[in-house]
Amino acid sequence: MSDDSHPSCCTGAHGVVNDAHVHDHDDEFASLRHDIAQAVRDVKAKTPLAQSFTNFVTINLVANAQLAAGGTAAMSFLPDDVIDTASISGADYINVGTLLPFYADALPQIARAFHKSAHPWVLDPVAAGIGRTRTEILRAFRATPPTIVRGNASEIIALADMWGLNQANGNNPETRPAGVESVDEVDAAVEPAKRLARFLAASAPAGKAAVAVSGAVDLVTDGEHVYRLPGGSALMSKITGAGCSLGGVTATYLAVAEPLTAALAATLLYNRAGEIAEAKADGPGSFQVHLLDALWNLTPEQVAASAIVAQ
Ligand SMILES: Nc1ncnc2c1ncn2[C@@H]1O[C@H](COP(=O)(O)OP(=O)(O)OP(=O)(O)O)[C@@H](O)[C@H]1O
Ligand SMILES: Cc1ncsc1CCO
Ligand SMILES: [Mg+2]
C-alpha cells in the first residue's frame, strides 16, 4: 500500500490534494497518473466529440460539462442520426433516465450499430430495475454491451443482477428499485462492479472495459483492479445531473483514452471540481455554476494528482 491508502495524509482544506506530495511518494500509480494527465490534456487539445442520447432532465448540464472539460457535445434521439454521427464521434453516451415508448426499439438498434462498428460507448443505467420498458432496454444491451458502465451503487447492482452476473457466482443480492438516487453504498457494489467490468471486457473488441460507481467515495474497476477515489462534495447530490454529466464527460475522455483511464480521469476531475465548487458556493444554484468553472479550470496535472486508493 502506498501513502495514498491514507487519503487524509495528502488532503488539505476541502479535501484538495497536495499535488507535489502525491507525485513524490506515489510510484504505485505513476503510470496510471501519466495516462490520466494525457487524457485530460488530449481532450483540451483535440476537443473530441462525444455524442449523447440522454435524459431530458439534465441534457443541458451534460452538454455544458462536456464543453467545460474541453470536449464537444451533440445530443440526438433518432437512431439514424445517432448512428451516422457515430462515424465522427470518438465515443457515445447513452443514459436511460427518461424514456419514451419508441426508445424500446431505438436504443437496442443504436447499441447494435455501435457493436457492429466497435464504437466505444458509455452507459448510465439510470433507475435500473424500475419499469418494464427500461428493464427490456437494459436487458437488450447485454448482447451488445457498452465499453463503460457508470452509475450509482444501486444501478450497478441492479444491472449486474439483470444480466445474470450475480447468480453466476452464487450471490444473488436482493435488488430493490432505487429511483434515480442510490439506496445502496458503494461498498455493496464492489463485486457486482467487478463482474460487470469483466463481462464488458470479454465482449469489447480490445478486451478492455471499465465500471465506475459514484458515491461519497467513488469506485472504478476494470474487472481486475479496484480503485477508490475519495473527495467531491455532498452538494453534488443536491443538483440534478452530477452523475449524468459525469457519464457524459466519461464518454468525452473515452473518445481519446482507454476505458480505465477515461473512467478514472472523469471521476477524478469531478471529485476535484466538486471540492472547488463547494468552497465557493452559497447553495446548489451557485454550486452548479462553480462546478462548470472548475471543470474548465482544472489542469491535467491537478486531475492526475488526485487521491487514488487501491483496494
Ligand atoms: N456524499 C458525497 N460526497 C462527495 N461526493 C459525492 C457525494 N455524493 C455524490 N458525490 C459525487 O457526485 C457525483 C455524482 O454521483 P451520484 O452518485 O450522486 O450520481 P447519480 O446518483 O447518478 O446522480 P444523478 O442521477 O443525479 O445524475 C460523483 O462525482 C460523486 O463522486
Ligand atoms: C431526476 C431525474 N429523473 C429522471 S432522470 C433524472 C436525472 C438524474 O438522474
Ligand atoms: Mg444517475
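Me: Is the crossing of α3 and α11 left-handed or right-handed?

Reply: Keep in mind that this is a predicted model. To judge handedness, you ask which way the near helix is turned from the far one, and clockwise by less than a right angle is right-handed. Here α3 and α11 cross in the right-handed sense. The partner, α11, spans residues 284-297, and the two helices pack at about 30 degrees with axes 7 Å apart.

Me: Which residues of α3 and α11 make the contact?

Reply: From α3 come L61, N64, A65, L67, A68 and A69, and from α11 come Q288, L292, L295 and W296. Sorted by class, this contact holds eight nonpolar and two polar residues, with no charged ones.

Me: At what angle do the axes of α3 and α9 cross?

Reply: Helix α3 covers residues 59-69 and α9 covers residues 242-254; their axes cross at roughly 45 degrees and come within 8 Å. Angles under 35 degrees count as roughly parallel and 65 to 115 as roughly perpendicular, so this angle makes α3 oblique to α9. The crossing of α3 past α9 is right-handed. On the α3 side you will find L61, V62, A65, Q66 and A69, which meet A242, C244, S245, G248, V249, T252 and Y253 of α9. That contact has eight nonpolar residues, four polar and no charged.

Me: How are α5 and α6 oriented to each other?

Reply: Look at residues 103-116 for α5 and 132-140 for α6: the axes cross at roughly 15 degrees and come within 9 Å. The two helices are therefore roughly parallel to each other. Here too you can check the handedness: α5 passes α6 in a right-handed crossing. Y103, A104, L107 and P108 of α5 touch T133, I137 and A140 of α6. By class, the α5 and α6 contact divides into six nonpolar residues, one polar and no charged.

Me: Now for the ligand. How many residues surround ligand 1, and which are the closest?

Reply: There are 19 residues around ligand 1, and the closest are R150, S214, D218, G243 and C244. C244 is also one of the α9 residues that meet α3.

Me: Which polar atoms of the protein lie by an oxygen atom of ligand 1?

Reply: For this, look for pairs of N or O atoms within 3.5 Å. D218 places a polar side-chain atom 2.5 Å from a ligand oxygen. C244 uses a polar backbone atom, at 2.9 Å from an oxygen atom of ligand 1. G241 also has a polar backbone atom, 3.5 Å from an oxygen of ligand 1.

Definitions and conventions
Residues are numbered from 1 along each chain as its sequence is written. Chains are lettered from A and ligands numbered from 1 in the order in which they are written. This is a predicted model: local features need pLDDT of at least 70, side-chain atom pairs count only at pLDDT 80 or more; totals for chains, interfaces and linings use all residues. Side-chain values use heavy atoms; hydrogens and water are left out. Axes are lines fitted to C-alpha atoms, for helices over the stretch in contact, and angles run from 0 to 180 degrees between N-to-C directions. Helices (H or I, at least four residues) and strands (E, at least two) are DSSP runs, numbered from the N terminus. Angles under 35 degrees count as roughly parallel, over 145 as roughly antiparallel, 65 to 115 as roughly perpendicular and the rest as oblique. Contact means heavy atoms within 4.5 Å. Ala, Val, Leu, Ile, Met, Phe, Trp, Tyr, Cys and Pro count as nonpolar, Asp, Glu, Lys and Arg as charged, and the others, Gly among them, as polar. A residue is near a molecule or strand if one of its heavy atoms lies within 4 Å of it. A polar contact is a pair of N or O atoms within 3.5 Å; within protein, one must be able to donate a hydrogen and the other to accept it, and residues adjacent in sequence count only if both atoms are side-chain atoms.
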